[in-house]
Amino acid sequence: MGLWGAAAGIVYSIHFILLFSRQGKLRLQKWYTTLPEKEKKKIVREIVQIVLSRNQKTSSFVDWKDLKLVYKRYASLYFCCAIEDQDNELLTLEVVHRYVELLDRYFGNVCELDIIFNFEKAYFILDEFIIGGEVQDTSKRSAVKAMEDSDMLQETVEEYMNKPAF
């Protein structure tokens, strides 16, 4: 059954997801709670500083305010989620890992430049996977299929728009 089967039916909410580089540059942010922009920027600065200052051998879980931060580094990017204090950290690591797998499946071994130059695709994949802070579909196949369908539609529209009108 695995971790995903055990999670079925559990109300589980992510407050926000941040992707940032080892240099502290924010590459992607998705907020599932409403906050003013000024507050979001303050939170991002604080979290980036907390995560980057931690030793690599320490836990990937940090108690922060009334939430819990769960992060994982893949190559030059940190993927960080904020969850409720009582939520399952290991399940959150699985969610992060699944998102990375989806990015890998679409981009073919995703790297930071893929996120920088194709951020709209990275957001689209995230939105196929998580809506309103809750995992919607754990199937890699269906998320990637939605992305491929979107790409095909975009190509069709571009071809149509480039044809001369008579």
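Mentor: Before we start, helices here are DSSP runs (H or I) of at least four residues, numbered from the N terminus. Also keep in mind that this is a predicted model.

Trainee: Got it. Which helix does I116 lie in, then?

Mentor: I116 belongs to helix α4, which spans residues 112–117.

Trainee: And is I116 buried, exposed or something in between?

Mentor: I116 is partly exposed, with a relative accessible area of 30%. Buried would need under 20%, and exposed over 50%.

Trainee: Which residues make the nonpolar surface patch?

Mentor: That patch is made by L113, I116 and F117, and its area is about 310 Å².

Trainee: Switching to α5: what are its buried residues?

Mentor: Helix α5 covers residues 119–129, and the buried ones are K121, A122, I125, L126 and F129. They span an arc of only 140° around the axis, so they sit on the same side of α5.

Trainee: Nice. Now the sheet: in what order do the strands come?

Mentor: The order is β2-β1-β5-β4-β3, with 5 strands forming an open sheet and antiparallel pairing. At the edges are β2 (26–31) and β3 (61–64), each of which pairs on one side only.

Trainee: By how many degrees are neighbouring strands turned against each other?

Mentor: On average 20°, with direction ignored.

Trainee: Which residue in β4 stands opposite D63?

Mentor: That would be K68.

Notes:
Residues are numbered from 1 along each chain as its sequence is written. This is a predicted model: local features need pLDDT of at least 70, side-chain atom pairs count only at pLDDT 80 or more; totals for chains, interfaces and linings use all residues. Side-chain values use heavy atoms; hydrogens and water are left out. Buried means under 20% relative accessible area, exposed over 50%, partly exposed in between (1.4 Å probe, protein chains only). Helices (H or I, at least four residues) and strands (E, at least two) are DSSP runs, numbered from the N terminus. The arc is that of the directions from the helix axis to the C-beta atoms. Patches are made of residues with over 30% relative accessible area and no salt bridge: like charges are joined within 9 Å, nonpolar side chains (Val, Leu, Ile, Met, Phe, Trp, Tyr) within 5 Å. Accessible areas come from the Shrake-Rupley method with a 1.4 Å probe; for residues, only the protein chains shown count as cover. A salt bridge is a side-chain nitrogen of Lys or Arg within 4 Å of a carboxyl oxygen of Asp or Glu. Two strands pair if DSSP finds at least two bridges between them. Axes are lines fitted to C-alpha atoms, for helices over the stretch in contact, and angles run from 0 to 180 degrees between N-to-C directions.
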